[in-house]
Amino acid sequence: MTSLALFRGRTAVPLGLVAGLPLMLVAACVLTALYEPRFLRAANLMNVLRNASFLSVISAGQMMVMIVGGFDISVGAVVALTSVGTATALVFLAGWGLSGIGLLVLGCLAGLVPALLVGLCNGLLVSVGRISPFMVTIGTMSIASGLAAHFTGGSPIYGLPPFFLETLGNGRLAGVPGVVFFAAAVVLALWYLQCQSRGGRYFNAVGGNEKAARQTGIDTRTYICAAYVISALLAGLTGILLTARVGSGEATLGANLMLQSISVAVIAGVSLKGGVGKVQNIVLSSLFLSVLSNAMSLARIDSKYHVIVFGVVVLIAVWAEARGTRAEGSDA
Amino acid sequence: MMPVLSLDTTLPCEPGSQGKAARPLLQLDGICKSFGGFQALTDVTFDLRPGEVHVLFGENGAGKSTLIQILCGVQKFDSGRYELFGQDIAGLSPAEARRRGISVVFQEFSLIPEMTVEENLYLGHELTRAGRLDKSEMRTRVRVVLDRLGFDLSPAARVSGLRRAQQQMVEIAKALLLECRVLVLDEPTASLTDHEAGQLLAMVEQLRGEGLGIIYVSHRMAEIDRLADRITVLRDGRHIATLPRERASHGELVELMTGRTFEKFYPEIRRDPGPVRLRIEGLSLPRGLAKNVSFEVRGGEVLGLAGLAGCGKSEVIRAAFGLEKSSGGKIEIGGRRLYHHGPREAIAAGICYLPSDRSREGLAMHQSIGANATMAALDVPKFSRRGFGLRLKAERAFTSEIVDRLKIRTPDLDATPDQLSGGNKQKVMIARGMSRDFDIYLFDEPTVGVDVQAKLQIYDVIKALAESGKAVVVASSELAEVLHLSHRLLVMREGRIVGLLEGAEATEDAVLSLFFDKRAAKEERGIR
Amino acid sequence: MPKSLEHTPIRQRDALLQLALPVITLGMFVGFGLVEPAMLSAANVANVLKQGALFFFLAAAQLVALITRGFDLSVGACVSLVSVVASMAMTTVTVAAGPIAGVAAGIATGLLVGAVIGAINGALVAYGKINPFVATLATMSIFGGLSTTISGGFPIFDLPRTFTFAFNEAWWLFLPAPVTMAVLVGMALHFVLSSTAPGRVLYLLGDSPAAAHAAGLRVRLHLCLAYVASGLLAALGGLLMTAQIGSGEPNLGTNLVLGSIAAAVVGGASLRGGKGTVLAPALGSLLVIGLSVGMNLLQINGQLQPVVIGAILILGAAFDLLRARTR
């Protein structure tokens, strides 16, 4: 009953492109398949799914921050920092003779520590320090990417334990890349948070009308801070998974992910003013962008054009949102 | 605290304990509060007993809102004593106040726009079962509350998509969803229809029967007649009187509210009507904010626009200035029709509009006094060469002239409005009216949140403008102000002009009967 | 806020905060000079001034957007695209009509590109009512992508010597060409911002758009013009940087956006709009470039420099907040 109520009960809000997102996704798939049947090959589809998974995880974090009315520019740098951190930790721990699951868990946890610190730093500076989220995260982005570059000294960290690469990087379950399951778990957890728990509502309340939320007795600072921590940890998870996929700890990993995560969130109808955003739409939006990008590759469009297309898609999405909210405002 | 439906549970205070013997729920003694230099409350005394409706009565800016904010912990008081349920209260947070059983319905919007009715009602107090939100239970309870209040709302509707009146209903339902012993309603019926208001009043009576203490702010005499047990009148931040309902006639209330001393307070403005400057014919605004409004103003006279908040008086002058879109009618300036447009065209045609919300629309708070005063005159040769190069010397001379003339109290000429007190901010905004040659002045609530001294100076400005042959329109919710300043007084209600009073006809009784009395309104409707 | 400042009158306190930055900048130079005397050598000072001048254009572009309570994240992409397109125009026309015409054509196209980028940003922000952050983020992606596709990802060589000489090596009025340009442009910008009606309107609308509209000012037009000005300033910076490098580079501006915001905000522009003079980008870029050059001289790992810039950014924003609170 309750899960049904999620889709049935609420009145639809005009959110620009979001209403048409499933349709756009289907259309993109059909058109691509018609243009290039190779799109439908299992290997290609798995590829699309894998990319969408990476995007979903990092964009889900971005969404949480945008819901509380901010931006997280530092996600890309956190991916790089985590990549470097995890690789260093794994190599170090393997040197101690650790192996197997123990090594995997300890290495990843150690790799997540810098991400957690960046998240806390962002969260505290924004919620307690009241500094503009844009400036804070742009600053921590600069710091995190500088540190990542410093630790690697410009060259990737090789020699990662094979077990790590086999399980997290190339592991498959029933033919589906392991990444997809990680993404599914993250999405489910956030869905539960958003739709089934008190806390999820408070994030939206804080972003929708902070003063009213505070008057209701919600500790707005905690929720703002938590959003940045969630975002950083999810970026960290993305960093670990990407490292396993790439096979080395790289300080340049995730350079495009900041822009892409904001694009995904904007296309998913997450409001720039805060208070609105659903993780289901993040999944659809990630799939849509991955299909689009795959289609361009299949059509042999130079990867340099991809950024341009993404930029245009984002502009259309925000423009649609701006129009939607204006129409709503004028008849309210 | 367990969330309980106050509507169908017995409250901690047994009904029937009302009367003189009952201990007050809350008691304020000698409360003072000032904002910057502005004394909002001076030595105010107030108490509320269980099972009574205590009406707070006074003009806008009399201190009602501040008093309520202190009661519910939104503002701290400077000095005095606050006793709640027999305990002394020093610092009270809003959340704490709510937990102790004070529910407030503010006029100000306190909902989360992107959330549903149900989510808003239970915000901060969600019901859970085994850690999961118990949505079906919450929905059922919300339905029960809405049904009992007789509000036609869907729990799943998104608040941003509701009409203002519906949003008001959500605010009221939110206050009543949780157990409460003190309920504060700040003009709850202002945006409700008669039918909805009737239901609300019935509900208030029922809650009183259950032993709640209710503080009710309203300007509507009919509601006061029906509900009030006691009435406290505030004026200029001071406690004027607390009367039982039986002893408070309309006339006496109005007298207490406005104060007799006010007669001397207002300047005598010479009336010397010249040619018609501004003519508005059949003006209508979308959403019924104004319906078929017509009037004209001559040079050398002051036209007052009176009416309760939300009657459309402000929207009408905003439309004349081009800040609101009209849906019909025409506006003529000095005989020439003004096709709107926007403020730019209006200013070029000689209209000066001084908005009521000075911090949002009136002033750029962090720019200098001079920049603010010349804001609407950057294209005038006096202040710029062909609208490009600024004449900064002329600007400075003008700034020091208006600081002198309007007695703006400022540390120096480079100060910014955010460093000034309310009255001085208002004067900086009014200085804009002297920056170029305007023919028509539209004042929207010219003395909101302004101290007495500044009020007098603003009245003097209005007098000087009118006597120098300008056409002046003053829209104000402060009755005494419009009554005494204007030569002719238009009264508006629900978007219509319901009366035109001139000279001896313009008395408080006459205006108030137009505010409140429907029959009188119908008789007057023919009048232009 | 130190306690001692609490009792000083508003003006004095403001003045103290105003003085803080020049003092810090000067202190930084002296500090580096004490540790490494080469910092204060004539050649190095000229170098800092030159680099600072190039950076000033981007920080000034950012200032204009910040005054309107906006952002311009596309300044970097603008620099790259201007560099590529102007170089292409310059080399083509030089072959056909000689170096003088080539340089003129290159500069003209460069400025045109800057103006068009600015106009697009302005239209999106002012008329499309799109959040400036997202609008310029998207155009950054678009124009950055354009500059790599147009150039094919490779630098454009063979710029006429006239160009690199006149706009980089030459000294104009006793100063290196870029410095003279920066001073002239800075003075012009200062005049526009402080002494003309359009400049005044930018501050007013950045402070309160509703009040500016109610005062009859053309808010959207001026907002749009602000982004055009921002694009033009970035284009000027792009042209001078191209002259310095000696080739059209598709990645020229990629890493300059952060620094430009840092410099403007540290210098005293406010994210809340309506604040900041030309001194902000001037002092801000001297500080950022001085730090970077100084760290190079002390042989601090180049990869740690972004860490310092990031810290400055956050400190600058905190400082900005402090200024707002003490008012």
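User: Is Lys470(B) buried or exposed?
Analyst: Lys470(B) counts as buried, because its relative accessible area is 17% and the cut-off for buried is under 20%. Keep in mind that this is a predicted model.

User: Ok, which residue does Lys470(B) form a salt bridge with?
Analyst: With Asp437(B); the closest N and O atoms are 3.4 Å apart. Asp437(B) is exposed, at 64% relative accessibility.

User: What about Arg271(B) and Glu301(B), how do their side chains meet?
Analyst: In a salt bridge, 3.2 Å from N to O. Arg271(B) lies in the loop between helix H9 (262–265) and strand E13 (276–285), and Glu301(B) in the loop between strand E14 (290–298) and strand E15 (302–306), so the pair ties together parts of chain B that are 30 residues apart in sequence.

User: And is Glu301(B) buried or exposed?
Analyst: Buried, at 0% relative accessibility. Arg271(B) is partly exposed, at 36%.

User: Which residues of chain B are linked in a network of salt bridges?
Analyst: Arg279(B), Glu296(B), Arg298(B), Lys330(B) and Glu332(B). Over all chains, the structure holds 38 salt bridges.

User: Switching topic: how many salt bridges are there across the interface of chain C and chain A?
Analyst: Zero by the rule. Two residue pairs are in polar contact across that interface, though. By class, the side of chain C that touches chain A has 25 nonpolar, 12 polar and two charged residues.

User: How much area do chain C and chain A bury between them?
Analyst: About 3,100 Å², with 82% of it on carbon and sulfur atoms. Phe133(C), Gln303(C) and Ile314(C) supply 18% of the area chain C buries against chain A, more than any other three residues.

User: Which element gives the largest share of the side of chain C that touches chain A?
Analyst: That's H5(C), with 12 residues. This helix covers residues 132–151 and reaches 28 Å from its first C-alpha to its last, close to the 28 Å expected. Of its 20 residues, 16 are buried.

User: What caps the N-terminal end of H5(C)?
Analyst: Asn131(C), with a side-chain oxygen 2.7 Å from the backbone nitrogen of Phe133(C). Just after the helix, Gly152(C) takes a positive phi of about 70°.

Note on methods: Residues numbered from 1 in each chain as written. Chains lettered and ligands numbered in written order. Predicted model: local features only at pLDDT ≥ 70, side-chain atom pairs only at ≥ 80, totals over all residues. Heavy atoms only, no water. Helix = DSSP H or I, 4+ residues; strand = E, 2+ residues; numbered from the N terminus. Expected span 1.5 Å × (residues − 1). Buried < 20%, exposed > 50% of the residue type's maximum accessible area, 1.4 Å probe, protein only. Polar contact = N/O pair within 3.5 Å; in protein donor to acceptor, adjacent residues only side chain to side chain. Buried area = accessible area lost by both parts, 1.4 Å probe. Salt bridge = Lys/Arg side-chain N within 4 Å of Asp/Glu carboxyl O. Nonpolar A, V, L, I, M, F, W, Y, C, P; charged D, E, K, R; others polar.
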